[in-house]
Amino acid sequence: MSRRALGAAAQQAARDANKVPKIILGIDFGTTFSGIAWVTSHKANQIHTITNWESKTLNNTDKEKCPTAIAYTQPLEWGYGVPPVDEAIKWFKLLLLDETDLDSELKLSAHVTATRNQLEKKGITPVEITADYLREIWSHALANIKRAMGNEIVELSQLSLVVTLPAIWPAYAQARMRNAVNLAGILEPRSPGETRLSFVSEPEAAALATLDDMADRADVKVDDHFVVCDAGGGTVDLITYAVVQTNPMVVRESVKGDGGLCGAVFLDEAFDDKLKRKVPRSIWSELGREGRRDIKNTHWENGIKTQFRNDGTPWKILLPFVENGQPVQLTFTNEEVLRIFKPVVGQVYKLVFDQISQVRRKYRKLPKFVILVGGFGKSRYLYEALEDSLDKHIQILQSSGERPWTAICRGAVMHGQRLEKLNEGLSITVDSRIARASIGTLTNILPWDPELHRTADKSWCHIQQDFLAVDQTQWFLEINKPIASNKRITHSFWQDLLKPEEEIVTKFYISDEDPPPTWRTPQVKRLCSIRWSQIPSYEKLPKWKNPRGIYYRQICYEIEMSTDGGCLEFAVIYDGKTMGKQSVSIDFETENAGLEASSDEDE
């Protein structure tokens, strides 16, 4: 069959199916490694992971993930292709956070400091380098999919992308990731239709993939609880589910999730420091960057880091040098390696223990399983430390091979399948989630009531000619309360106008107080501003007259919020219609205005 005939056949097949074929991709953008999975609408039960990464070195690149690294050489290099030169930049995912949201250890980290200095020297923002990296792995993924499926069917397919984010990250990070995806060109127009972008939290994505693998287990019963510990490079995220029904499995988040910046990068830093102390100074300089990178890659990343078990075994590293006729050899004792692992694993243990304690307090029972996923989740020592420390009735599960490592990108695809309604045959559904914080707006209540409102909140309104209770909270979500999946929460708003306005601004706030306050306290922080331009003509708005005979206009609208997958989405609704992305933008509060990314929403 000729190429032209093949293209015609593919187009006819799509027409015969009476729908546009779809490809759903999930990107796990990690601190140290990133992965991509994908699936097609006609074989929705076959999720693939991208491998065959580009490299000009002897690295084994046929793996399920590639390094989150980039070098602004000529040409630009990324992933396994990054050379051991000063220009190589890593760990830039962490800089998508404001410095105030990094813990003190990370702020002082040599790697984070070096990365920040590299970006400042090159005049590149964290959003821009993230976009450059996403552009490369996206292009590589599409090239691999075209080799597998054929160029014609890919060009005919509508694309849907799900990007994962740590659940512990503040909301502005989602806006920055959306901006990075835009800058990468991933959302550029295509003939089959727009590329749809959505987000899901990393622990939920990991849970979707992991619990799907467990759906057929005979020991999984209704009301069993699972703690999923997603231990990655930079963050460790935990989420706990209870089984609502089996076959197919339906789960609900049973307690508020948790997490921390205590991933494997802290092990890497401790090993780097120990290696520098052990290697003789004369040899250290002769090793050079390439030699040191080879040691870390061969002996640490693919050796000690995953294999260490605290069983007394010493770890020997043979250096490419000879002294007094003998090869130079380093020995890391079991105790030395243990001192690298203990502080970090101790933090992970505390997070896991806190989730178990929440379940025990709320449900008077223990979780049945703690499931380890993520790159750090493959650690033997982490497994054995939890097994030794936790109640013996709790099973610690740790799969081998690539599945724990690829759980997040595979789960992102599964989330995308549900959004695209391609989840028939999938065996896991999340019924509800627990709000990790309260999110809502401040409103003025008319009239002020001395029995309900504080005197401090009493304020005169010159338009309504009455006293208002100002800065009263109206919560869309309340901390620790369940949120039904697919539920969109809508509240009505109105504003009085004495003159035409260029935009309507509604500010959202966030609070960790439990229970959430009914008025603004110091713990109620600004989250974002919803800006609606191209508002209706002032003359067409309803006209009112106050007791003093002053005329004013009133605009009434609704704001809709959803948290599907644990990430925020907003929409403005006026006169029953959702406003388009050309007229609605969301500006998240950030410490550094230069890094702030405004995101357009169109639900």
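**Figure 1. The open sheet β6-β5-β7 in the predicted model.** In this predicted model, three strands form an open sheet in the order β6-β5-β7, with antiparallel pairing. Strands β6 (77-78) and β7 (88-90) stand at the edges with a single partner strand each, so one side of each is left without a neighbour in the sheet. Between strand β5 (residues 69-71) and β7 there are three bridges in the antiparallel sense, and within this pairing Ile70 stands opposite Ile89 of β7. Strands of a sheet are held in pairs through backbone hydrogen bonds, in either a parallel or an antiparallel arrangement.

Figure 2. Strand β10 (residues 225-231) is mostly covered, seven of its seven residues being buried. On one side, His225, Val227, Cys229 and Ala231 point one way from β10, while Phe226, Val228 and Asp230 point the other way, and all of these residues are buried. In a regular strand the side chains alternate between the two faces of the sheet. The pairing of β10 with strand β11 (residues 236-245) is antiparallel and runs over seven bridges; in β11, Ala242 is the bridge partner of His225, and the two strands form a hairpin with four residues between them. With strand β15 (residues 369-373), by contrast, β10 pairs in the parallel sense over five bridges, and here the bridge partner of Val228 is Ile371 of β15.

**Figure 3. The surroundings of Ser529.** Ser529 lies in strand β24 (residues 525-533). Its relative accessible area is 4%, which is under the 20% cut-off, and Ser529 therefore counts as buried. Apart from residues up to four places away in sequence, Ser529 touches Val505, Thr506 and Lys507 as well as Ser585, Ile586 and Asp587. One of these residues, Asp587, is 58 residues from Ser529 in sequence, yet the C-alpha atoms of Ser529 and Asp587 are 5.2 Å apart in space.

**Figure 4. The loop residue Gly565.** Gly565 is found in the loop that joins β26 (551-562) and β27 (569-574). Although placed in a loop, Gly565 has a relative accessibility of 0% and counts as buried. When neighbours within four places in sequence are left aside, the contacts of Gly565 are with Val200, Ser201, Glu204, His415 and Arg433. Gly416 is 149 residues from Gly565 in sequence, with a C-alpha to C-alpha distance of 10.0 Å between Gly565 and Gly416.

**Figure 5. The whole protein as the setting for the close-up views.** The protein contains twelve helices and 30 strands. Its radius of gyration is 27 Å, close to the 25 Å that the globule rule gives for 603 residues, so the protein is as compact as a globular protein of that length. Taken along the principal axes, the box filled by the C-alpha atoms is roughly 100 × 70 × 55 Å. Of the 603 residues, 52% count as buried, and among contacts between residues at least 6 apart in sequence, 69% join residues at least 24 apart. The accessible surface comes to about 28100 Å², with 47% of this area belonging to carbon and sulfur atoms. The protein carries 74 positive and 81 negative charges, and the mean positions of these two sets are 1 Å apart.

Terms used: Residues numbered from 1 in each chain as written. Predicted model: local features only at pLDDT ≥ 70, side-chain atom pairs only at ≥ 80, totals over all residues. Heavy atoms only, no water. Rg over C-alpha atoms; globule rule 2.2 N^0.38 Å. Buried < 20%, exposed > 50% of the residue type's maximum accessible area, 1.4 Å probe, protein only. Contact = heavy atoms within 4.5 Å. Areas by Shrake-Rupley, 256 points an atom, 1.4 Å probe, with all protein chains shown as cover. Lys, Arg positive; Asp, Glu negative; His and termini not counted. Charge placed at Lys NZ, Arg CZ, Asp CG, Glu CD. Pairing = 2+ DSSP bridges.
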